[in-house]
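Visitor: Hi, I'm new to this. Can you walk me through the fold shown here?
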Amino acid sequence: MMKRNLFLLVFALVMATILAACSADKADAPKEDDKAAATEKETKTETETEAWKPSKPIEFIAPAGAGGGWDTTARTVAKVMEEQKIVDQRMAVVNKPGGGGAIGWAYINEKDTDDHLLFPTSPPIMFVPLNGQSDLGHKDFTPLAALTGDYAAFIVKADSPFKDMSDLVDAMKADPSSVSIVGDSAPGSMDHMQFIKAIHAAGVDAKGVKYVSSQDGAGMTMLLGGQVEVYSTGVGEAVEQVRAGNVRVLGITAAERLTGEVVKDFPTLVEQGIDDTFVVWRGIMGPGNMSAEAAAFYENALKEMSESDAWKAELERYGWEPNWMGSEEFSTFLDEQYDIMDKLMKEIGLRN
């Protein structure tokens with residue numbers, strides 16, 4: 001009887017140990033709900049930390065007609081970004097000319113939070129607000145990066161009686177209004193101001209200059225058609241027509257001659273005795289309330305593009321100088337340039 005009682009006691013103790021172990025294992029094992037919650041948390045964390053990238057085609061607004069500096073910049077950036085697969089969405093260039101850029105800027109401003117909208121920019125983003133043609137300026141948009149430094153070029157038809165800047169200056173000193181100048185920007189904007197600045201430095205009465213604004217990008221067509229005598233534009237816009245033998249460059253606003261197959265032959269104003277230089281910087285902006293994540297993506301993508309051999313080939317093709325500035329540096333630069341241009345316009349009498 002004693003043996004039987006001892007056996008039952010040992011059996012009970014063993015069973016109690018086994019049951020306790022099973023209970024502990026069950027308590028330690030995660031519940032199905034807990035497993036689901038952990039999986040959801042992990043997935044959410046991965047999603048939240050994933051870098052932003054475009055989820056649909058990018059609208060690339062050129063605030064001017066086809067063929068001008070903004071259009072050329074937009075199409076060249078889009079071409080390199082797509083071909084080098086730096087972006088995996090199409091970059092569709094859309095021209096919205098008018099108002100020296102004001103029409104395009106107004107359109108962009110209406111899409112203030114659009115992360116799939118970009119546009120090229122240059123000095124008119126300051127000139128146009130300064131001369132009162134737009135209420136929108138550089139502070140209303142998101143600076144992403146500066147890309148290039150171009151220079152102004154003053155060109156004439158290949159058969160023009162003006163062989164160099166001296167010929168042009170002599171004619172305009174005698175009568176500033178005797179020569180018609182065309183540009184693809186509004187009066188008081190870049191194409192106008194870069195010529196005014198140069199001719200003023202040469203001793204011509206700048207207030208008497210006859211400037212024709214062709215904001216639909218038809219400046220080159222007007223020059224070739226004989227409707228005007230001089231076209232004030234960028235070096236990049238002159239290259240192909242010079243190569244074709246249709247035009248001659250009287251002078252460019254670089255401090256010294258450029259390198260490159262065609263542009264090396266373009267004489268500077270400085271070497272012709274005119275103490276004037278002017279850099280046409282160009283960069284890319286987004287809408288004013290573009291998300292920080294999207295802005296960072298585009299800045300990094302543009303940086304990658306700027307370091308590619310494909311982009312360097314385009315710089316050579318158009319005679320553009322590399323002029324990289326990231327978003328923060330570009331923003332500071334824009335503020336500084338605004339102050340400089342404000343003073344210049346007041347000096348020449350185009351702003352009170």
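Guide: Here is a short tour, starting with the overall build and then moving inside.
Guide: This is a predicted model, in which local features need pLDDT of at least 70 and side-chain atom pairs count only at pLDDT 80 or more, while totals for chains, interfaces and linings use all residues. Residues are numbered from 1 along each chain as its sequence is written, and side-chain values use heavy atoms, with hydrogens and water left out.

Visitor: How many helices and strands are in the chain?
Guide: The protein chain has 12 helices and 10 strands. Helices (H or I, at least four residues) and strands (E, at least two) are DSSP runs, numbered from the N terminus.

Visitor: And what share of the residues is buried?
Guide: Buried residues make up 49% of the 352 in the chain. Buried means under 20% relative accessible area, with a 1.4 Å probe and protein chains only.

Visitor: What's in the largest nonpolar core?
Guide: That core has 54 residues, and W105, L168 and F195 have the most contacts inside it. A nonpolar core is a set of buried Ala, Val, Leu, Ile, Met, Phe, Trp, Tyr and Cys residues joined through side-chain atoms within 4.5 Å.

Visitor: Which helix gives the most to it?
Guide: α12 does, with 7 residues. Among the other elements that each supply at least two are α4 (102-110) and β4 (142-157).

Visitor: What does W105 touch?
Guide: Leaving out residues up to four places away in sequence, W105 touches a list including P63, W70, F119 and F141. Contact means heavy atoms within 4.5 Å.

Visitor: New topic: V77. Where does V77 lie, and is it buried or exposed?
Guide: V77 lies in helix α3, residues 69-83. V77 is buried, with a relative accessible area of 1%.

Visitor: What's around V77, then?
Guide: Setting aside neighbours within four places in sequence, V77 is in contact with F60, L147, I284, L302, M305 and W311. V77 and L302 are 225 residues apart in sequence, yet 8.5 Å apart in space, C-alpha to C-alpha.

Visitor: Last one: why is strand β8 largely enclosed?
Guide: In β8 (residues 247-252), 5 of the 6 residues are buried, so the strand is largely enclosed by the rest of the structure.

Visitor: Which strand pairs with β8 over 5 bridges?
Guide: β4 does, in the antiparallel sense. Two strands pair if DSSP finds at least two bridges between them. I155 stands opposite V249 in β8.

Conventions: Buried means under 20% relative accessible area, exposed over 50%, partly exposed in between (1.4 Å probe, protein chains only).
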